Amino acid sequence: MKILSIETSCDETSVAIVEDGRNILTNRIYSQIGIHQKYGGVVPEIASRNHVTKLPYIIDEALAESKLSLAEVDAIAVTNGPGLVGALLIGLSTAKAMAYSLGKPLIGVHHIEGHIAANFLQFPELAPPFLTLVVSGGHSHLVLVEDYQTFKVLGRTIDDAAGEAFDKISRVLGLGYPGGPAIDAAAKNGNPEAIAFPRVMLDKTEYNFSFSGLKSAVLNYLNGKKMKNEAVNPDDVAASFQLAVIEVLVSKTIACANSIGMKSICMAGGVSCNSLLRKMMGQAAADAGMTLYYPDPILCTDNAAMIGSMAYYNYINGEESDLSLNGIPGLKIGTRQ
Ligand code: ATP
Ligand code: MG
Ligand code: FE
């Protein structure tokens, strides 16, 4: 089954065609990062307008690259939440128009379930159950994937998402947007032990995260230095901040997996591109006798192929959407409306 999928939940305009949930025939991604960079973050209205102008061309590119015609596509899938509502609606209206005019099924997909499904594209042997650390721009979740349709949130951030913390700290350090790759790069030149930022573990028996206290600690450190007229080494701050985030993510994930006796762990979302996270989670998983999976960076950040993968499992499990499918900015994982 070949599914054409559309992802426009934030600032990537992406169209993919994926076969049977596992095989990428094409995955075209137009990133608007260059457009939003000068504002220091995504401007929702500008994102929507760019989806409108770019999406038709990206659909043509995907069809051309896969050498398929629309008649050869079996279904149309689209992200319907969570995300920026205006941005979601561009993908949704396009997908609905295509499904209706072609007389093909429409499949709504949850963006975060899509991030998790990116692992299915990379690892043909991977199947539920497994535990996933979802760390993206807007989410930090520990999700037990019991089967292709059953997602249990075992932990979540009670304030900022990990990616959000990277983006904010990068901004105050003047390292630019998006912050994750900038901090990752700066940290390579810094000393991670230079500043002892707090590791916020919360209750040891719970798997929730909190990153706002760490963010305040970094801001207080920078303000203190400024007041004393002392120089700041941004590379050291980046490295020390990054280590504080990653240590918490790794230790909570391994503890959570241990608590449910799970030996397979996946990572998903943009922050799982982070080089220190990959290294430290890899080491911790190996020490604990667990198998760790994470996709290539291009499948960690927003893309439509992950939506096409999840859509396949929705569809074969009897989930088809109708034309009332709506964009839901705060769509909860495991829910549809
Ligand atoms: P969500 O999926 O929660 O709706 P999003 O789609 O904006 O949010 P993603 O595209 O999954 O998020 O990821 C983007 C985030 O990943 C940004 O916050 C970015 O800074 C972060 N990121 C990307 N690369 C890295 C890296 N190497 N290290 C840390 N963070 C990174
Ligand atoms: Mg993005
Ligand atoms: Fe995302």
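**Conventions.** I noted that the model is predicted, that local features need pLDDT of at least 70 and side-chain atom pairs count only at pLDDT 80 or more, while totals for chains, interfaces and linings use all residues. Residues are numbered from 1 along each chain as its sequence is written, and chains are lettered from A and ligands numbered from 1 in the order in which they are written.

**Domains.** I looked up the domain assignment of the protein chain, which gives domain 1 (2–116 + 299–316) and domain 2 (128–297); such bounds come from an automatic or database assignment. The C-alpha centres of the two domains lie 27 Å apart. For contact I used C-beta atoms, placed from the backbone, within 7 Å of each other, and found 12 residues of domain 1 in contact with 22 residues of domain 2. On the domain 1 side, α4 and α10 are the elements that give two or more residues, and α4 gives the most, with 4 residues. Helices here are DSSP runs of H or I with at least four residues, strands are runs of E with at least two, and both are numbered from the N terminus.

**Ligand 1.** I counted a residue as near the ligand if its C-beta atom, placed from the backbone, lies within 6 Å of it. On that basis 24 residues surround ligand 1, the closest being G137, G138, G163, G180 and G270. Helices α4 (111–122), α5 (162–173) and α6 (179–187) each supply at least two residues of this shell, with α6 giving the most, 4 residues. Because domain 1 and domain 2 both give residues to the shell, ligand 1 lies between them.

**First annotated group.** I found that an unreviewed UniProt entry has the annotation "binding site" at H111, H115 and D302. These positions span 192 residues in sequence, yet no two of their C-alpha atoms are more than 8.8 Å apart, so they gather at one spot. UniProt annotations may be inferred rather than shown by experiment. I called a residue buried if 20 or more other C-beta atoms lie within 10 Å of its own, exposed if 12 or fewer, and partly exposed in between, with C-beta atoms placed from the backbone. H111, in helix α4, is buried with 25 C-beta neighbours inside 10 Å. D302 lies in the loop between α10 (297–300) and α11 (305–316) and is also buried, with 27 such neighbours. Leaving aside residues within four places in sequence, H111 is in contact with S9, T79, G81, P82 and G83, and D302 with E7, S9, C10, E12 and S14.

**Second annotated group.** I also looked up the "binding site" feature that the unreviewed UniProt entry places at positions including V134, G137 and D184. V134 is in strand β6 (residues 130–135), and beyond four places in sequence its contacts include H115 and A268. G137 is in the loop between β6 and β7 (140–147), is buried with 22 other C-beta atoms within 10 Å, and touches A161, G163, E164 and G270, again beyond four places in sequence.

**Helix α11.** I noted that 11 of the 12 residues of α11 are buried, so the helix is largely enclosed by the rest of the structure. Just after α11, G318 takes a positive phi of about 85 degrees.

How values were computed. Two residues are in contact if their C-beta atoms, placed from the backbone, lie within 7 Å.
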